[in-house]
Amino acid sequence: MIPFEMMEPASLQEAVSLLDPQDPTIRAVAGGTALMLMMKAGVFQPTRLICLHKIEPEHARITVTGGELRIGAMATLSDVEHDPNVAARLPVLKRAMRTLSNPRVRNVARVGGALAHGDPHMDLPPVLTALGARVAISGPNGSRELPLEALYAGYYETVLDKNELITSVTVPALDGRKAAYMKVTSRTADDWPALGVAVSFALTDGALRDPVVVVSAATEKVTRMTGAEQVLQGAVPGDAVLTRAGEAAAAEAVILADVHGSAAYKRELLRVHLRRAVRQALVDQALAEGARS
């Protein structure tokens, strides 16, 4: 491994100042689980790494403000998995964390790094996108906020400038919306997915309202399936409607083949698991209502 400089700033502002938008070999590192693999494989050779472990502790906190859940970018995936506010307010997120890699990785990997990496196989981006999450970003010119789905520009590409850092992700209250995430792997449950499908929707008088359908892993980035959403909007969830929604998503999605499956295989997975995701969200709703009664 080629030698590199390691710096440990004491504040977010200092960390941002150490980044150079003209030098792609300078990177911030939070958990470093993905970055270390890239370095070992020779895909990335840094001249300087900016370790974020000593910046203000507020950036690792998970808090609730005005009904919204704020997750600091330096919170570990295990922090999210075991946080009582996440469990109470966003059970779909807690369930997703259980198969997001293995416990060793979850204990080290940070939320901000998982979002900024831009890998379409990550589980967090589709789940959080379906939940309407927003990311806060800081750079030398100040702070900005984006819907999470707007963060991704392509395969391993984000809209982050080289001297910008994600500082937090904010998830609005569900307010009665239903949500589910289906992760399909070709090997173990915590492996990289061949397909990820996340859905959320309101249910009014038995009909689906304002559905959000998000696909990842089979596509080059987190992608909204607007055709499937149009099929589901205002519909009473039944086999025929869910089949049409699955067909709409399969026709709309630009599917990528990789070691986890062919394009044809992933397209069929999408047809099937979109239906299952909606049904899972409805089952979870029924279980929650039963527990309250």
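Student: Hi! Thr 167: buried or exposed?

Tutor: Thr 167 is buried, because its relative accessible area is 7%. Buried stands for under 20% relative accessible area, exposed for over 50%, and partly exposed for in between, with a 1.4 Å probe and protein chains only. Before we go on, this is a predicted model, where local features need pLDDT of at least 70 and side-chain atom pairs count only at pLDDT 80 or more, while totals for chains, interfaces and linings use all residues. Residues are numbered from 1 along each chain as its sequence is written, and side-chain values use heavy atoms, leaving out hydrogens and water.

Student: Thanks. Where is Thr 167 found?

Tutor: In strand β10, residues 165-171. Strands (E, at least two residues) and helices (H or I, at least four) are DSSP runs, numbered from the N terminus.

Student: And what is Thr 167 in contact with, leaving aside its neighbours within four places in sequence?

Tutor: Its partners include Leu 12, His 59, Arg 70 and Ile 137. Contact here means heavy atoms within 4.5 Å.

Student: Changing topic: which residues have the most contacts inside the largest nonpolar core?

Tutor: Ile 71, Leu 93, Val 111, Leu 115, Leu 124 and Leu 128, in a core of 41 residues. Such a core is a set of buried Ala, Val, Leu, Ile, Met, Phe, Trp, Tyr and Cys residues joined through side-chain atoms within 4.5 Å. There is also a second, separate core of 29 residues, with Phe 201, Met 225, Ala 235 and Val 241 among them.

Student: How many residues has α10, and how far does it reach?

Tutor: Helix α10 (residues 239-252) has 14 residues and reaches 20 Å from its first C-alpha to its last, close to the expected 20 Å at 1.5 Å a residue. The expected span is 1.5 Å times one less than the number of residues.

Student: On to charges. How many salt bridges does a search of the whole structure find?

Tutor: It finds 14. A salt bridge is a side-chain nitrogen of Lys or Arg within 4 Å of a carboxyl oxygen of Asp or Glu. One of them joins Glu 5 and Arg 48, at 3.3 Å from N to O. Glu 5 lies in strand β1 (residues 5-7) and Arg 48 in strand β3 (residues 48-51), so this pair ties together parts 43 residues apart in sequence.

Student: What does Asp 123 form a salt bridge with?

Tutor: With Lys 183, the closest N and O atoms being 3.2 Å apart. Asp 123 is in the loop between α7 (111-116) and α8 (124-130) and Lys 183 is in strand β11 (residues 178-184), so the pair ties together parts 60 residues apart in sequence. Asp 123 is buried, at 4% relative accessible area.

Student: And Lys 266, what does its side chain meet in a salt bridge?

Tutor: Asp 258, at 2.9 Å from N to O. Lys 266 counts as buried at 0% relative accessibility, whereas Asp 258 is partly exposed at 30%.

Student: Last one: what is phi of Tyr 156 near?

Tutor: Near 55 degrees, a positive value in a residue other than glycine. Tyr 156 is in the loop between β8 and β9, and it is partly exposed at 39% relative accessibility.
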